[in-house]
Amino acid sequence: QVQLVESGGGLVQPGGSLRLSCAASGSIFSINAMGWYRQAPGKERELVAKITGDGSADYADSVKGRSTISRDNRKNTVYLQMDSLKPEDTAVYYCNADIKIYGAFLPRAYWGKGTLVTVSS
């Protein structure tokens, strides 16, 4: 009933930039927090950045100062601008959103399928 579709991943050189997008669609009544997580090979999934419905954002220390999360509530879309990329930023990036669908009593978390970001020369 709800889909999260990420886009914008790819290969980028160290020091470069990428902008990830994630659009939510389906029977959506409301969206609370939206965020980005990443999982590098052999590592656990970790939070990159999160943004509340009113625009308050939090970042992992590893990306603070290099990344900006934003959202367009009219489009049900969240963005992650990443600058000064490092090889250690290489990972699959997953979109996450806390969504209440029509007819549901409570919201629940939904995940996208991920988009690969590779930082390499």
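**Cross-links and side-chain contacts in a predicted model**

Trainee: How many disulfides does the structure hold?

Mentor: The structure, which is a predicted model, holds one disulfide. Cys-22 and Cys-95 form this link, with their sulfur atoms 2.1 Å apart.

Trainee: Which hand does the link of Cys-22 and Cys-95 have?

Mentor: The link is left-handed, with -80° about the S-S bond.

Trainee: And where are the two cysteines in the chain?

Mentor: Cys-22 is in strand 3 (residues 18–26) and Cys-95 is in strand 9. They are 73 residues apart, and the pair links distant parts of the chain.

Trainee: Is Cys-22 buried or exposed?

Mentor: Cys-22 counts as buried, because its relative accessibility is 0%. Cys-95 is also at 0% relative accessibility and therefore counts as buried.

Trainee: Changing topic, how many aromatic pairs does the structure hold?

Mentor: The structure holds two aromatic pairs. One of them is formed by Phe-29 and Tyr-102, with 5.4 Å centre to centre and 80° between the planes, an edge-to-face arrangement.

Trainee: Which parts of the chain does that pair link?

Mentor: Phe-29 belongs to strand 4 (residues 28–39), while Tyr-102 lies in the loop between strand 9 (91–101) and strand 10 (108–111). The two residues are 73 residues apart, so the pair is another that links distant parts of the chain.

Trainee: Is Tyr-102 buried or exposed?

Mentor: Tyr-102 is exposed, because its relative accessible area is 53% and the cut-off for exposed is over 50%.

Trainee: What about charges over rings; where does Arg-19 lie?

Mentor: Arg-19 lies over the face of Tyr-79, at 4.0 Å from the ring centre. The charged end of Arg-108 sits over the ring of Tyr-110, at 3.9 Å from its centre.

Trainee: On to salt bridges: how many are found in the whole structure?

Mentor: The search finds five salt bridges. Among them is that of Lys-64 and Asp-61, whose side chains meet at 3.2 Å, N to O. Asp-61 counts as exposed, because its relative accessibility is 67%.

Trainee: Which residue forms a salt bridge with Asp-89?

Mentor: Asp-89 forms a salt bridge with Arg-66, and the closest N and O atoms are 2.8 Å apart. Asp-89 lies in the loop between strand 8 (77–82) and strand 9, and Arg-66 in the loop between strand 6 (57–59) and strand 7 (67–72), so the pair ties together parts that are 23 residues apart in sequence. Both Asp-89 and Arg-66 are buried.

Trainee: What about Asp-72 and Arg-74?

Mentor: Their side chains meet in a salt bridge of 3.6 Å, N to O. Asp-72 is buried, with a relative accessible area of 14%, whereas Arg-74 is exposed, with a relative accessible area of 78%.

Trainee: Last topic: where is the place of Asp-54?

Mentor: Asp-54 is in the loop between strand 5 (46–51) and strand 6. Asp-54 is exposed, with a relative accessible area of 69%.

Trainee: What does the side chain of Asp-54 reach?

Mentor: The side chain of Asp-54 reaches the backbone nitrogen of Ser-56 at 3.4 Å. A polar contact of 2.4 Å also joins the side chains of Asp-54 and Thr-52.

Notes. Residues numbered from 1 in each chain as written. Predicted model: local features only at pLDDT ≥ 70, side-chain atom pairs only at ≥ 80, totals over all residues. Heavy atoms only, no water. Phe/Tyr/Trp six-rings, centres within 6.5 Å; stacked < 30°, edge-to-face > 60°. Helix = DSSP H or I, 4+ residues; strand = E, 2+ residues; numbered from the N terminus. Buried < 20%, exposed > 50% of the residue type's maximum accessible area, 1.4 Å probe, protein only. Lys NZ or Arg CZ within 6 Å of the ring centre and 35° of its normal. Salt bridge = Lys/Arg side-chain N within 4 Å of Asp/Glu carboxyl O. Polar contact = N/O pair within 3.5 Å; in protein donor to acceptor, adjacent residues only side chain to side chain. Disulfide = S-S within 2.5 Å.
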